[in-house]
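Hello,

Here is the structure I promised to pass on. My notes follow below it.

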Amino acid sequence: MEAQSSSGLLLSRKRRREGSNGETEEGERLGKIPRCTVGLKHPAPFADELEPAATPYERVNMEEAKRGTPPDRPVRVYADGIFDVFHSGHARALMQAKCLFPNTHLIVGVCSDDLTHKYKGFTVMNEDERYDAIRHCRYVDEVVRNAPWTLTPEFLARHRIDFVAHDDIPYSSAGSDDVYKHIKEAGMFAPTQRTEGISTSDIITRIVRDYDVYVRRNLQRGYTAKELNVSFINEKKYHLQERVDKVKRKVRDVEEKSKEFVQKVEEKSIDLIQKWEEKSREFIGNFLQMFGPEGALKHMLKEGKGRMLQAISPRQSPNSSPTREERSPSPTFRLPFFTKTSPPPSPPPHHSGARGYLISDDDDDEDDEN
């Protein structure tokens, strides 16, 4: 039931919610699950610490297991292994075993150091560390310590096992081409898929391949050469390599910083050049507008020169003297001892050639009186 519900949450589904205006809106939720706390508070128990079951053991077949069993009768699936350097490949295999059926109780068997060293090789973690790692996997319900290398009918009956989960690649060991052959023939085998790209052997290969790197790492973290099984000469060599690497890192950092500085200077210089070009174009344009061939200064000089020439040069006399009618009337001459206002002159006045000036009618009357 848990497997079906969790897988169903991962599928796209529609949900309805009430809008602010009272209308019902539909939204699609893709690959999202609600936030909830599903972690366990306690590790999985060991099988030898559990109370014995009171009901007799009756195995269920594959059809019944897939159809679903009652809550008080889960399908008991067994998965075994070494689980050295526990990694995500182990966790994914156990997750697949847990999700084989709707109601599954997962039992995990872990082989002891003696059996593992005898049939497979030396381990990085000891058996107690491997037991504890399996207990804290969220998919595990029960842990069997010192699990057998080959499963016997007595072991299957004692732990009330319905199915055995493992990848279907033949596992040759202990003089057998496939240690799960009799389980497959009995119809109790449930295959799972291996996770490609990660295994305990791959992790150990990485460490062995980069042995010097990890030795220097641990020496830097405070481990002694004796703890790492490193000779005195190699210890000094690793320390010297670490110093050389520090110098290289510093040089590399300086180079990167210098490149960044040069790049910033180039960017700023480009900006300055562009601004200088714009300002220079503006300055040249203003200069040409002011001092160019058709600039404002030339027009100002021409205008000033013309005014100066007009001010200092005399007026030219006309080519022909104007006629008597064309001449402008001459102003009347008034003697200073006369205060009487003279009447306006009557045109045209007679011309006195001997004196060279005009005499008004009032002057003529005065002459007659004299």
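**Salt bridges**

There are 13 salt bridges in the chain. Please keep in mind that this is a predicted model.

Start with Asp162. Asp162 pairs with Arg73, and their closest N and O atoms are 3.1 Å apart. Asp162 sits in the loop between helix H6 (153-158) and strand S6 (163-167), while Arg73 sits in the loop between helix H2 (62-67) and S3, so the bridge ties together parts that are 89 residues apart in sequence. The two partners have their own accessibility values. Asp162 is buried, at 0% relative accessibility. Arg73 is partly exposed, with a relative accessible area of 24%.

Next comes Arg194. Arg194 forms a salt bridge with Asp167, with 3.7 Å between the closest N and O atoms. This pair also links distant parts of the chain: Arg194 is in the loop between strand S7 (189-192) and helix H8 (200-209), and Asp167 is in strand S6, 27 residues apart. Asp167 is buried, because its relative accessibility is 13% and the cut-off for buried is under 20%.

Asp245 bridges to Arg216, and here the closest N and O atoms are 1.9 Å apart. Asp245 and Arg216 are both buried. They also take part in a network of salt bridges that links Arg216, Glu242, Asp245 and Arg249.

**Charged patches**

Which residues form the positive surface patch? They are Lys236, Arg243, Lys246 and Lys250. Lys250 is in helix H10. Lys250 is exposed, with a relative accessible area of 60%.

There is a negative surface patch as well, made by Asp253, Glu255, Glu256 and Glu260. Glu255 is found in helix H10, which covers residues 232-291. Glu255 is partly exposed, at 42% relative accessible area. Patch members need over 30% relative accessible area and no salt bridge, so Glu255 at 42% passes the area cut-off.

**Nonpolar patch**

Look at the surface around Phe291 next. Phe283, Ile284, Phe287, Leu288, Met290, Phe291 and Met300 form a nonpolar patch there. Together they have about 740 Å² of accessible area. H10 gives the most to this patch, with six residues. Phe291 is in helix H10. Phe291 counts as partly exposed, at 48% relative accessibility.

**Cysteines**

How many disulfides are there? The count is zero. A disulfide is a covalent bond between the sulfur atoms of two cysteines. Two cysteines have accessibility values to note. Cys99 is partly exposed, with a relative accessible area of 43%. Cys111 is buried, with a relative accessible area of 5%.

**Backbone points**

Most residues other than glycine have a negative phi. Val85 is not a glycine, yet has a positive phi of about 50 degrees. Val85 is in the loop between S3 and helix H3 (88-98). Asn229 is not a glycine either, and has a positive phi of about 60 degrees. Asn229 lies in the loop between H9 and H10. Is Asn229 buried or exposed? Asn229 is exposed, with a relative accessible area of 70%.

**Asp80**

One last residue. Asp80 is in strand S3 (residues 75-81). Asp80 counts as buried, at 9% relative accessibility. The C-alpha atoms of Asp80 and Val144 are separated by 8.8 Å, and the two residues are 64 residues apart along the chain.

Best wishes

Key:
Residues numbered from 1 in each chain as written. Predicted model: local features only at pLDDT ≥ 70, side-chain atom pairs only at ≥ 80, totals over all residues. Heavy atoms only, no water. Patch = residues over 30% accessible without salt bridge, like charges linked within 9 Å, V, L, I, M, F, W, Y side chains within 5 Å. Areas by Shrake-Rupley, 256 points an atom, 1.4 Å probe, with all protein chains shown as cover. Salt bridge = Lys/Arg side-chain N within 4 Å of Asp/Glu carboxyl O. Lys, Arg positive; Asp, Glu negative; His and termini not counted. Charge placed at Lys NZ, Arg CZ, Asp CG, Glu CD. Helix = DSSP H or I, 4+ residues; strand = E, 2+ residues; numbered from the N terminus. Buried < 20%, exposed > 50% of the residue type's maximum accessible area, 1.4 Å probe, protein only. Disulfide = S-S within 2.5 Å.
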